[in-house]
Amino acid sequence: MTVRDALLVVDVQNDFCPGGRLAVPRGDEVVAPINRLVERFDHVILTQDWHPTGHASFASSHQGSAPYDTLAASYGPQTLWPDHCVQGTRGAEFHPGLVAAKAELILRKGFRQAVDSYSAFFENDRITPTGLAGYLRERGFERLFLAGLAFDFCVVWSAEDARRLGFEVIVLEDACRGLDVAGSMRDAVRRMDALGVARTSVAGALATFSGAI
Ligand code: VGL
Ligand code: ZN
């Protein structure tokens, strides 16, 4: 590990864990490996899905729509979800087991009523930046390690954008879990491979840190 490395922990929130409103199967299993990573990294950034009530990504906001339907939003196709991660609710809080105290930045996303934001870098209109790229560049980070939920939505979208923005990206696969909606897991792996997003295990990454790099 070098001073140019940062750990980006994506959306480890109650609503994405079993019992939550948009539960990722076995989503809570990412907490233990992520805590091991947090202990080893000098720089930790967390993202938090953070929607207002009645957000445009909620199926409940569109009459006649059901969760997992696709809606034609002004900016393109948008999957509709159960209400989740509503600002200020327990579901939007980080999983209570996550060691969040060390984070130097908590980046909230999806707070604009009409636009969703899977990626930590750009909203789903693909134009509006969240400011994270500027933050990372100004701090001198060049290599990002990603973990969290959901592998096939917010993790892959963030990983792709990070690559396009010129960062080196390593996804820690066993510290992620996915939703697997209509082949989205396989699709996510393909998209990562196509952009040169590296995939490895937590143990594999930590082992390289013990050696000199
Ligand atoms: C996410 C769907 C809707 C995620 C967030 O964190 O992957 N997925 N909002
Ligand atoms: Zn969301």
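**Figure 1. Secondary structure and overall dimensions of the predicted protein model.** The protein contains 5 helices and 8 strands; helices (H or I, at least four residues) and strands (E, at least two) are DSSP runs, numbered from the N terminus. Along the sequence these elements follow the pattern β-α-β-β-β-β-α-β-α-β-α-β-α. The radius of gyration, taken over C-alpha atoms, is 16 Å, close to the 17 Å that the globule rule gives for 213 residues, so the protein is as compact as a globular protein of that length. The globule rule is 2.2 Å times the number of residues to the power 0.38. The C-alpha trace spans about 55 × 30 × 30 Å along its principal axes. Of the 213 residues, 52% count as buried, where buried means under 20% relative accessible area, exposed over 50% and partly exposed in between (1.4 Å probe, protein chains only). This is a predicted model, in which local features need pLDDT of at least 70 and side-chain atom pairs count only at pLDDT 80 or more, while totals for chains, interfaces and linings use all residues. Residues are numbered from 1 along each chain as its sequence is written, chains are lettered from A and ligands numbered from 1 in the order in which they are written, and side-chain values use heavy atoms, with hydrogens and water left out.

Figure 2. In the order E5-E2-E1-E6-E7-E8, 6 strands form an open sheet with parallel pairing; two strands pair if DSSP finds at least two bridges between them. Strand E5 (105-109) and strand E8 (198-200) stand at the edges with a single partner strand each, so one side of each is left without a neighbour in the sheet. On average, neighbouring strands are turned by 25 degrees against each other, direction ignored. Helix H3 (residues 151-164) packs on this sheet and touches strands E1 (5-10), E5, E6 and E7, a contact being heavy atoms within 4.5 Å. The direction of H3 makes about 170 degrees with that of E7; axes are lines fitted to C-alpha atoms, for helices over the stretch in contact, and angles run from 0 to 180 degrees between N-to-C directions.

Figure 3. In E1, 6 of the 6 residues are buried, so the strand is largely enclosed by the rest of the structure. Asp5, Leu7 and Val9 point one way from E1, and Ala6, Leu8 and Val10 the other way. In a regular strand the side chains alternate between the two faces of the sheet. E1 runs parallel to E6, to which 6 bridges join it, and 4 bridges join E1 to strand E2 (residues 44-49), also parallel. Leu8 stands opposite Ile45 in E2.

Figure 4. Asp5 lies in strand E1 and, at 1% relative accessibility, counts as buried. Asp5 stands opposite Arg143 in E6, and a polar contact of 2.7 Å joins the side chains of these two residues. A polar contact is a pair of N or O atoms within 3.5 Å; within protein, one must be able to donate a hydrogen and the other to accept it, and residues adjacent in sequence count only if both atoms are side-chain atoms. The Asp5 side chain also reaches the backbone nitrogen of Thr2 at 2.9 Å.

**Figure 5. Surroundings of Asp11.** Asp11 lies in the loop between E1 and helix H1 (31-40) and is buried, with a relative accessible area of 0%. The side chains of Asp11 and Thr47 are joined by a polar contact of 2.7 Å.
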